[in-house]
Amino acid sequence: MRIVFIGPPGAGKGTQAVLLAERLGVTHLSTGEVLRAARTSGDPLGRQAAEYLDDGRLVPDELVVKLVADRLAAEDCEKGYLFDGFPRTLPQAQELDRLLGERGERIELALEFVISFEELTARLGKRGRSDDGEDTVRRRLEVYASHTRPLAEYYNQRGVLRRIQAVGGVDDVTRRVWRAVQHARSGDS
Ligand code: B4P
């Protein structure tokens, strides 16, 4: 299956993506994780991405798209993939469609994680990653609302959007994610 996860920072996309990718036997690709790893290793991509990560802005589209295009070409993506945190802008979504079109593929499920601002700030406060400081989180949430949230409509128009409530324990959310996957597979509404 080919899936994208959409949701604000801290919604639990990464947590659920690991579980779902394993259950479906597909490749999990988190652009956030790849960018953080590149920063730590100090390679050229990481050096370019660092300033954006640290102040909560989106890394430029061309850098992220290149990263995804390279990754998609790897053999392990032939069995399906789950993009976690990508696309995050309309140009990224359009470029992804173009790349997939060349492969004769398309996104079959776009899962939007719905969660309140209060719950998010509480979760991120507990996590304490370097981009989880109060001002950075506020910036990331604003960027989400202006650039990424509109993608839900993009996928809704393509008939592949499903929304789940991302509150409750991890197991509760996992059950909702799985139900959405089953509906998408059977074509139910
Ligand atoms: P990401 O790595 O995608 O990180 P995220 O949005 O913060 O996290 P996620 O929603 O995956 O939450 P998680 O499961 O960790 O992005 C980081 C940065 O990278 C961006 O700000 C941007 O700069 C850059 N970037 C990434 N992709 C990009 C792109 N495509 N274009 C441009 N820039 C890009 O969960 C959060 C916390 O909640 C955890 O501590 C977890 O333990 C906890 N949690 C999870 N589920 C829970 C539950 N049900 N109940 C309670 N707590 C829960």
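Tutor: Here are a few questions and answers about this structure. It is a predicted model, where local features need pLDDT of at least 70, side-chain atom pairs count only at pLDDT 80 or more, and totals for chains, interfaces and linings use all residues. Residues are numbered from 1 along each chain as its sequence is written, and side-chain values use heavy atoms, with hydrogens and water left out.

Student: Why is Thr40 called exposed?

Tutor: Exposed means over 50% relative accessible area, buried under 20%, and partly exposed in between (1.4 Å probe, protein chains only). Thr40 has 70%, so Thr40 is exposed.

Student: What makes the contact between Arg149 and Glu112 a salt bridge?

Tutor: A salt bridge needs a side-chain nitrogen of Lys or Arg within 4 Å of a carboxyl oxygen of Asp or Glu. For Arg149 and Glu112 the N to O distance is 2.6 Å, so the pair counts. This pair links distant parts of the chain, 37 residues apart.

Student: Are Arg149 and Glu112 buried, exposed or partly exposed, and how do you know that?

Tutor: Glu112 has a relative accessible area of 3%, so Glu112 is buried. Arg149 has 36%, so Arg149 is partly exposed.

Student: How do you know that Asp135 and Arg138 meet in a salt bridge?

Tutor: Their N to O distance is 3.3 Å, so the pair meets the cut-off. Asp135 is exposed because its relative accessible area is 57%, whereas Arg138, at 38%, counts as partly exposed.

Terms used: Helix = DSSP H or I, 4+ residues; strand = E, 2+ residues; numbered from the N terminus.
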